[in-house]
Every structure is written in C-alpha cells, then in structure tokens.
Amino acid sequence: MWVNKKVSNILFCDQKIKLLKCTSIFLFVPTGNHTEVYKNQHKLAVYFQKTGDKWLSDHFFNACLSTSSRVKDDEGRLAAQGHCNVGLALEESGEYYSAADNFELFLGLCKDKDWNMDGQDEQMMPVACTHLWRIYTTIAKQFEKTGNLQQNLTYLEKAYDMAEQGNLK
C-alpha cells in the first residue's frame, strides 16, 4: 500500500525489542478469536506509532483492518475503527484520496449507530465527519493552489456537508 522511504538496513529479526514486543503480544491469543487478534494488532500499531516506526505502525493498522473482516459478531464496529485508523495513517503519509476513501467507509459503517471510539466518550459518527471535513478541506486547498476552482468548490461543498452532518462548530 505505502512504503516507508527510509527503510532501515537492519533486519527486523535483529531488532530484539520489536521482535519481543510482537511475539509477547501474540503468544497467548486463542485460535479463531479474531477480536483478540484485532486488539493485539491494534496494541502493536499504537506501540510502533509511539516509537516513531511508521512502517510497522502502518502494517499493523492494515492488519487490524484485514482481521476486522473476520469478526462476525460486532455489526462492523471493528471494521469502522480499522478504516478510521488506516485513513489517519494514509493522511499522515499525504495520501489524501485514499484516506478519504477509508474515512468514507468509516462513516458508512458507523452512520446511525451509537458506537463510541475505543476508550473514549466520543461517538464514532461525529469523529468520521470531522476526519472527512478535514481531508476534504485539505484536498480543496490543493485544487485551489493549482487553480482548479471547480474541484476546489466541489471539495469545499463536501467539507461543508460533513460539518453539517457531524454538527461541527
């Protein structure tokens, strides 16, 4: 999907701390428990995000999204969260259109649901609207810089719609 341009010459197996972190988290996951696998992959993604290892963080956010498709008893909640996380990672990499696609899927999955973001009191739908408002505004600014005012206006209208839908102020 995307590749870190500054790939280290050191092999992953030579980075003992990372290897230990990965193996310790997956050591006790019961077979077939996709929700637990998702949670553990998410822990690894967040851990590597905090250490600044974008490549591994992105890898585990994508793994979460893939695993979420195998969770059958949550009505798509983990898939929504997975699309949110992948969208944020793509946005950070400057891949705004792909990020928008993931945020749109995030919104589609959480629309009309009373789901909260993990560990937060914030509901998912307004969060999805906020992310879409921000990414549409970013894309609109790019079109403004290139002089494509029609596309600029199209994305500003999309941003406005998201602000309205999410009751953003």
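**View 1. Accessible surface of the predicted model.** The protein chain has an accessible surface of about 10,200 Å², with 55% of that area on carbon and sulfur atoms (Shrake-Rupley method, 1.4 Å probe). In this predicted model, local features need pLDDT of at least 70 and side-chain atom pairs pLDDT 80 or more, while totals for chains, interfaces and linings use all residues. Residues are numbered from 1 along each chain as its sequence is written, and side-chain values use heavy atoms, without hydrogens and water.

**View 2. The helical chain.** Seven helices and zero strands make up the secondary structure (DSSP runs: H or I of at least four residues for helices, E of at least two for strands). Of the 169 residues, 40% are buried (under 20% relative accessible area, 1.4 Å probe, protein chains only).

**View 3. Helix α4.** Residues 77-92 form α4. Its 16 residues should span 22 Å at 1.5 Å a residue, and the end C-alpha atoms agree at 23 Å apart (expected span: 1.5 Å times one less than the number of residues). Because 14 of the 16 residues are buried, α4 is largely enclosed by the rest of the structure.

View 4. The lining has 15 residues, with H42, C84, N85, L88 and M117 nearest the centre. A pocket is an open set of points on a 1 Å grid where a 1.4 Å probe fits, with protein on both sides within 12 Å along at least five of seven lines; lining residues have an atom within 4 Å of a point. α4 gives the most, six residues.

Technical notes
Buried < 20%, exposed > 50% of the residue type's maximum accessible area, 1.4 Å probe, protein only.
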